[in-house]
Amino acid sequence: MELQDSISTLKGVGPKKAEAFGRLGVKTLEDLIFTFPGLYEDRRNILSIAMLKEDEEAVFTGKVELVRTGGYSRRGRRILKMLVSDDTGSVELVFFNASYISNSIRTGDRLTFFGKPQRNRGRLQVVHPQFSRESEAQTGILPVYPLTKGISQKEMRRLQQTLRPLYAKAESILNRETEEKNRLCDTKFAIENIHFPEDGVSLRAAKYRLVFEEFMVLQIGLQAFKLASGTLCRGAEFDNPGAEREYIDSLPYKLTAAQKRCAGEIAADLESEKRMNRLVQGDVGSGKTVLAEIAMYKAAKCGYQSVMMAPTEILAYQHFESLKSGLSGHGIVVGFLSGSMKAAEKRKVLEGLADGSVQVLVGTHAVIQPEVSFNRLGLVITDEQHRFGVNQRILLKEKGESPNILLMTATPIPRTLAVMIYGDMDISVIDEMPPGRLPICTRCAEDERARRQIYAFAKRQIARGRQVYVVTPLIDESETMDVRSAQEVFGELSEHFDRAALLHGGMKQKEKDDIMTRFSRGEIDILVATVVIEVGINVPNATVMIIENAERFGLAQLHQLRGRVGRGSSQSYCFLIQGSDSETAKKRGKIMEESGDGFFIAEEDMKIRGPGEIFGTRQHGLPDMKLADMVRHFEVLNTARDEAKAILAEDPGLTKPENAGLKSRVNKLFGDDYSLNL
């Protein structure tokens, strides 16, 4: 076996299995070796039933006293219950749609179980535990790998065992000096113990090595990108000091102090010799768009064109309408461009861009197509920029000669983390809301009675002419999770509401845009959706947000979803229906009820869950991290960043032999997004 051999060379991996592995990004044996466990099951200590604790995973052994089938859950799934006991007590086990168990397990069997007990009506209960015959039970620290349909956990563990002799062939990508300086274990030890830890100490040493390595590769890539992107080079210089004040004075409202501060920072950047490379962070409804208007006005008055790219056509068109309303009165021509436009309309806009008569362009990713050519592009703006990959942003930037860059996001990112993700950017934060905004009334609920009351309230709001969002974590019903799906909820609500619609990520973009347009026009009363509406459009008439199984969402994501309402003058409401009564769920619910500050909520979210679940790094145009956590491993990140800077200072192109492995890994990691030309 060799590292670059195809995954299909392994016994038991045929074409279908290889296709499944491809969904995990695994094509070679090396890819599989570097597919690390995300979790571990500590099965070293077998507990007695009396020692089981709520919300703590455990291994326990017992005799099956009773197996009973019958009855259905509220999701319509058939229930099987099992009573298991040992010398210290008994515990109830619950399985859904698992009639096969009753055919393979008999009363009196002794089995070993692994699961997380939950308290239900005062007694401990374990839902869907893993189990095996007592003689076949696996013990020790077991890896838990990311899976996809067609690949089981048991299979992943077996294949990693098969590959163990190959671990020694994985060479270190770090030079000896870096390893010694940072007291890192060697590569073979790290890979061996990340998959099959000898003990907790060995696992920590392995993880430290691999986390450090991930951060090194990430930071080398970011630092190289910073050098390649020319963020320190001369930019389009706007030589009309104070032009932005003309536009600010013409606004029918006053800017908040935070907006004025951010506008001043942007203006200073535009007037400097250095190219602007600024991120504007502002909570939902804080007024980021007017900052874009001010910057575009300044660009036009200085003889430059501007372009704004938004992630969806409907959001782009909403920006177009807003900018046209604000800028056309000052003699500034605003154009719109999207993939669905007719050829004649598109040609007219393209001609205007080329001859300079269209001074401001708003559009979707259509604005980065090869046929789009500007006369004098000086300002590039991306809205909800994390929805675009790095490559898309580079293509947009390259439409002009060193244009100034302004990125905007409503995703609340804690400041410490923002510095790491956007290390090559200046950051402006709008930490103040415009006056007159009514706080959104947020309430949590747990039982079926409360759900009925919430939907009755929603019906009354609709009777008053308002509109309602209902968000669920899944599109379709799950066999293993007791979670309400979008299809299920839509089916229920369609019986009571004539004007209900379903929206989810599996639909084509045109279909999604059509539904959101109808909702914004008031043609739909209640919209059932997944998180696809997290970045949506402004619908001031929507006053109710209902989030089913709120415990399945991160706090920052809940806050983003809540921000879909509260955009008009009427009081708005957000109801979080929890499918769990655990202490963690209650704590999170209380934070949402008591705070409307997105940055505070994001900080709390990271304390509870870490950033990996708040937002994937890929969402921000960065490669996925397999093990590294930007909050829990913050000190490691800082150390790796300093080490990366030192290496690039000595060897900017990574041409030295000792850096060849690092160079290869960096190019492989970032290759899908852009070429570093290292």
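Which residue in β16 is the bridge partner of I381? The partner is L406.

The model is predicted, so local features need pLDDT of at least 70 and side-chain atom pairs count only at pLDDT 80 or more, while totals for chains, interfaces and linings use all residues. Residues are numbered from 1 along each chain as its sequence is written, and side-chain values use heavy atoms, with hydrogens and water left out.

Helices (H or I, at least four residues) and strands (E, at least two) are DSSP runs, numbered from the N terminus. Two strands pair if DSSP finds at least two bridges between them. Strand β15 (residues 377–383) and strand β16 (residues 404–409) are joined by five bridges in the parallel sense. Both belong to an open sheet of seven strands with parallel pairing, in the order β13-β14-β12-β15-β16-β11-β17. The edges are taken by β13 (334–337) and β17 (426–430); each has a single partner strand, so one side of each is left without a neighbour in the sheet. On average, and with direction ignored, neighbouring strands of this sheet are turned by 20° against each other.

Helix α9 (residues 257–271) packs on the sheet and touches β11 (277–282), β15, β16 and β17. The direction of α9 makes about 155° with that of β17. Such axes are lines fitted to C-alpha atoms, for helices over the stretch in contact, and the angles run from 0 to 180 degrees between N-to-C directions.

## Other strand pairs

Strand pairs also occur among β1, β10, β4, β5 and β8, as the table shows.

| β1 (residues 39–43) and β10 | five | antiparallel | Y40 and P143 |

β4 and β5 form a hairpin, with two residues between them. Buried means under 20% relative accessible area, exposed means over 50%, and partly exposed lies in between (1.4 Å probe, protein chains only). In β5 (residues 89–96), six of the eight residues are buried, so the strand is largely enclosed by the rest of the structure. In β10 (residues 140–144), five of the five residues are buried, so β10 too is largely enclosed by the rest of the structure.

## Cores and covered helices

A nonpolar core is a set of buried Ala, Val, Leu, Ile, Met, Phe, Trp, Tyr and Cys residues joined through side-chain atoms within 4.5 Å. The largest such core has 109 residues, of which L379, Y469, I533, I546 and I547 touch the most other members. Helix α10 (residues 289–301) gives the most to this core, with nine residues. Another core lies apart from it and has 54 residues, among them Y40, I220, V636 and I647. In soluble globular proteins, nonpolar side chains tend to be buried together.

What is L379 in contact with, leaving aside its neighbours within four places in sequence? The contacts (heavy atoms within 4.5 Å) include F238, L270, M276, A295, P403 and L406.

H319 lies in helix α11 (residues 313–327) and is buried, with a relative accessible area of 7%. Beyond neighbours within four places in sequence, H319 is in contact with T289, M308, A310, V362 and D383. Helix α18 (residues 555–562) is mostly covered, with seven of its eight residues buried. Among the buried residues of α18 are L555, H559 and R562.

## Two loop residues

D55 has a phi near 65°, a positive value in a residue other than glycine. D55 sits in the loop between β2 (46–47) and β3 (58–72), and at 34% relative accessibility it counts as partly exposed. R183 is not a glycine either, yet its phi is positive, at about 55°. The place of R183 is the loop between α5 (176–181) and α6 (187–195), and at 76% relative accessibility R183 counts as exposed.

## Cysteines

How many disulfides does the structure hold? The number is zero, where a disulfide is a pair of cysteine sulfur atoms within 2.5 Å. For C441, the nearest cysteine sulfur is that of C574, 9.4 Å away. C441 is partly exposed, at 25% relative accessibility. The sulfur of C574 has its closest cysteine sulfur in C444, at 8.3 Å, too far for a bond. C574 is buried, with a relative accessible area of 0%.
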